[in-house]
Amino acid sequence: MAMLEIKNLEVYYGVIRAVKGISFEVNQGEVIALIGANGAGKTTTLQTITGVLQAQSGQIIFEGQDITKVPGHKIVAMGMAHVPEGRRVFANLTVLENLKMGAYTRRDKDEIAESLQKVYKSFPRLEERKNQSAGTLSGGEQQMLAMERALMSKPRIILMDEPSMGLSPILVEEIFSIIKEISSSGTTVLLVEQNAKKALSIADRAYVLETGNIVLSGDAKELMNNESIKKAYLGE
């Protein structure tokens, strides 16, 4: 059984049908990429899975449970985390306060402290800046903070929306190496990313979204060599 199953999902913005009955699945331990142009429905799909938006029809099944109508805060407690597009750190809170916000569903203070130490070990910069307001961090540091804040909830699956957006090539490399580390540690990853080449380079499988429809899916490496994908998304 797949860890996450999306069945015939339809989502509307007013009268606009943004997601048109898509179906896909994510298995335990995979990195799955959703790629497509702006306006394809990628962000809408992630927001619907995590309860930010409501589906008009279809089903979202997470670890055998139907979560289609479950509110977002309960979905986090069930083991799913979402790193939204544009980072969305709490700018007026410190780095430490942001990280603690990520652990709000957890009760064991010793375990939370242990998770914090893991964050600081992986990202000494966040420890150096733990008492700084998150809004004063660079774009790359804010993206790291957003990812680590999501991981503080100890998710079994993490959904990431455009983690490399607006970052320099060096920082893009760093962010993608972090995603690989997250996957290696056993967390399943569903990744929405406009940098299709980078996304396909680390994904196991991928789905291509166009105007609310899945038009292609398969092994990520095979899709990277697909002529239509090369022309449309890889600039080749």
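## The sheet

In what order do the 4 strands of the open sheet stand, and with what pairing? In this predicted model, the order is 2-1-4-5 and the pairing is antiparallel. The edges are taken by strand 2 (16-26) and strand 5 (65-66). Each of these two has a single partner strand, so one side of each is left without a neighbour in the sheet.

Strand 1 (residues 4-13) runs antiparallel to strand 4 (residues 57-62), and 5 bridges join them. Two facing positions can be picked out along this pair. Leu4 is opposite Phe62 in strand 4, and Glu10 is opposite Ser57 in strand 4. Helix 1 (residues 42-49) packs on the sheet and touches strand 1, strand 2 and strand 4. The direction of helix 1 makes about 115 degrees with that of strand 1.

## The hairpin of strands 4 and 5

Strand 4 also pairs with strand 5, again in the antiparallel sense, over 2 bridges. In one of the pairings, Ile61 has Asp66 in strand 5 as its bridge partner. The two strands form a hairpin, with 2 residues between them. Glu63 lies in the turn and has a positive phi of about 50 degrees.

Most residues other than glycine have a negative phi, and most peptide bonds are trans. Against that background, two further residues can be noted. Asn8 is not a glycine, yet its phi is positive, at about 50 degrees. Asn8 is placed in strand 1, the strand that is joined to strand 4 by 5 bridges.

Lys154 is likewise not a glycine and has a positive phi, here of about 55 degrees. Its place is the loop between helix 6 and strand 7 (157-161).

## Helix 3 and its buried face

Which residues of helix 3 (residues 95-102) are buried? They are Val95, Asn98, Leu99 and Gly102. Viewed down the axis of helix 3, these buried residues fall within an arc of 95 degrees, so they line one face of the helix.

## Helices 6 and 7

Helix 6 also meets helix 7 (residues 169-184), and the two axes come within 10 Å. How are these two helices oriented relative to each other? Their axes cross at roughly 10 degrees, and angles under 35 degrees count as roughly parallel. Helix 6 and helix 7 are therefore roughly parallel to each other.

On the side of helix 6, the contact is made by Gly140, Gln143, Met144, Met147 and Leu151. Helix 7 contributes Leu171, Glu174, Ile175, Ile178, Ile179 and Ile182. Sorted by class, the contact has 8 nonpolar, 2 polar and 1 charged residues.

## Ser183 in helix 7

Helix 7 also holds Ser183. Is Ser183 buried or exposed? The relative accessibility of Ser183 is 18%, and buried means under 20%, so Ser183 counts as buried.

Leaving aside residues up to four places away in sequence, Ser183 touches Gly29, Val31 and Val189.

Definitions and conventions:
Residues are numbered from 1 along each chain as its sequence is written. This is a predicted model: local features need pLDDT of at least 70, side-chain atom pairs count only at pLDDT 80 or more; totals for chains, interfaces and linings use all residues. Side-chain values use heavy atoms; hydrogens and water are left out. Buried means under 20% relative accessible area, exposed over 50%, partly exposed in between (1.4 Å probe, protein chains only). The arc is that of the directions from the helix axis to the C-beta atoms. Axes are lines fitted to C-alpha atoms, for helices over the stretch in contact, and angles run from 0 to 180 degrees between N-to-C directions. Angles under 35 degrees count as roughly parallel, over 145 as roughly antiparallel, 65 to 115 as roughly perpendicular and the rest as oblique. Contact means heavy atoms within 4.5 Å. Ala, Val, Leu, Ile, Met, Phe, Trp, Tyr, Cys and Pro count as nonpolar, Asp, Glu, Lys and Arg as charged, and the others, Gly among them, as polar. Two strands pair if DSSP finds at least two bridges between them.
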